[in-house]
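Me: I have a structure open and want to learn how to read it. Can we start with how helices pack?

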Amino acid sequence: MADGTLFDVLLLGYRNDVARARTQEFLNRLPLTLATTQVGRDPDLPLRLFTALDRERAQQLRAALEACGAQVALVQVGAGDAHAAALPPPTEAPAAPSYAPRPTTLLLVAALAATAYVWRGVQAPPRQPPLPPRAAAPVEPVAPSGSQPEAPDPEPPRRAAAALAAARDFPDAVDRLQSALRQTPDDPVLTRNLQTVLLNWGIANLAAERLDEAAARLQAAAQLGERAEVLRALGITQLREGDFAAATTTLERSLQLAPNDPNALLALAEAYLKLDQRPQALDLLQRAKEAGVRNSDLDKKVEQLGREVDAEWDFVQTESAHFRVSFADSEDTRAVRVVLAALEDAYFTVGNKFEYYPSDRSPVVLYTQQDFHNITQTPGWAGAAFDGRIKLPVRGLQADDTQLPRVVRHEYAHSLITALSNGRAPVWLNEGLAVWAEETEEGERQAWAEQKIAGQELFTLAQLSGSFMQLPSARAEVAYAQSYLAVRALIDQYGARKIPALLTNVGSNRTLSDAFAATYPGDLAGFEERWLRDLTG
């Protein structure tokens, strides 16, 4: 019941950049007559948003703003501007705005027994997400039967299935449990045991990269009843299969059952990144940190995503046949058209080299020169970047810019290499192929590369397998040149048509040596020895 007391609503701050964007979106949707102040991107705080509201309305607005991630205080009219909340929170908060993110998450790292989340830097493409932790629940012990005298005794098949499952003889364990359930279909322990065996079998298939089999086992487990760890493993499998929309749906449901599951949060974040929904991914990663994930690489990823979301919150998008480009609304549209034309040309010229033409649009982001280095944290010598999205600095581009087509071909090649190799290509192969993709005529970059390595200390392939981002400019040039010359040697010896097969073999969970042997005659060590001898001879 209203008591006549009135309150002002003060904005004190935001939980993070995503919260700021959500809060501003929420406020922009309100009737213009309600808010007393227009909220810009960086307002002076504290800011009085609403004045002289009754108690119920003030509480509703505070709850809605806090659901967006805003920090809010209610101040009783006539009681001064102290920021201590004058009202207790409402007994039941109203529903969050419809644009608030669904409960979602991401999994990018895990072995069967334990998980560790590892993010890669700007130039290192992300590997496919790792496995969920192995299901901890064992097959349940035998419970007292309690069945009618004429019913079959479920105890022997339970015990036999438990022994088979412990020995990882999943097919026989499933057969015995299914047979027992046909006799006693309402036995909850048999049903739970069957689900646990199917879960562990699915995880074993996932570990062996048998994704179709994993999906079938986990779908069957999910049909036996909702269980967070089953849905999490199924969502990760869907993520590995590239069905990102299905993965988000499954992982969201898993999180509804277990809201603080860090592996589900990480996996769902990865799915949202794949769908280029970065604010949602950032929110999930922050939730994973709050759930106890401690990882310096995760901290760096959160910082990077925060910079991106902050810079891109008011970006607009345009699309061509094969690309989706995000850019500041103030950007010169002529520059955007120049970039789109170069991208579409690269789609065919680079696609022809790798014999691969993606059907989905590839994401591209255009930044100003200063924003590009601030956001990507790349060294000054970097002229573009790829981290799942092609990132280009574009201010001042002209239609006759001679460097743009080469840069675009290089970065688009990274996108194809990442897709074909499942993100597993070592840096020397990735960068060497990207330089090769720049060429309009075979071997036209060879003279440049040979000049760069002349008189320099050379790297081994192992030394070229990590990021070049920490190298000083002169050594980075040697690294890029040597990587190109390694790829040039592969092509000269075995032909360019073998390149897609090499990348596919790298992506099929082989070591690089195994992938090389599956693609070419001889071995990688012998190739490297001959290659280094030729470079120094």
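Reply: Start with contacts, meaning heavy atoms within 4.5 Å. Here, P262, L265, L266, L268, A269, Y272 and L273 in α9 meet R278, Q280, A281, L284, L285, R287 and A288 in α10. These residues divide into 11 nonpolar, one polar and two charged. Nonpolar covers Ala, Val, Leu, Ile, Met, Phe, Trp, Tyr, Cys and Pro; charged covers Asp, Glu, Lys and Arg; the others, Gly among them, are polar.

This is a predicted model: local features need pLDDT of at least 70, side-chain atom pairs need 80 or more, and totals for chains, interfaces and linings use all residues. Numbering starts from 1 along each chain as its sequence is written, and side-chain values use heavy atoms, without hydrogens and water.

Me: At what angle do the axes of α9 and α10 cross?

Reply: Axes are lines fitted to C-alpha atoms, for helices over the stretch in contact; angles between N-to-C directions run from 0 to 180 degrees. Helices are DSSP runs (H or I, at least four residues), strands likewise (E, at least two), numbered from the N terminus. Helix α9 (residues 262-274) and helix α10 (residues 278-290) cross at roughly 165°, their axes coming within 8 Å. That makes α9 roughly antiparallel to α10 (over 145 degrees).

Me: Which strands form the open sheet, and in what order?

Reply: Strands pair if DSSP finds at least two bridges between them. The order is β2-β1-β3, with antiparallel pairing. β2 (47-54) and β3 (70-76) each have a single partner strand, so one side of each lacks a neighbour in the sheet.

Me: How many bridges join β1 to β2?

Reply: Five join strand β1 (residues 6-14) to β2. L11 stands opposite L47 in β2.

Note on methods
Angles under 35 degrees count as roughly parallel, over 145 as roughly antiparallel, 65 to 115 as roughly perpendicular and the rest as oblique.
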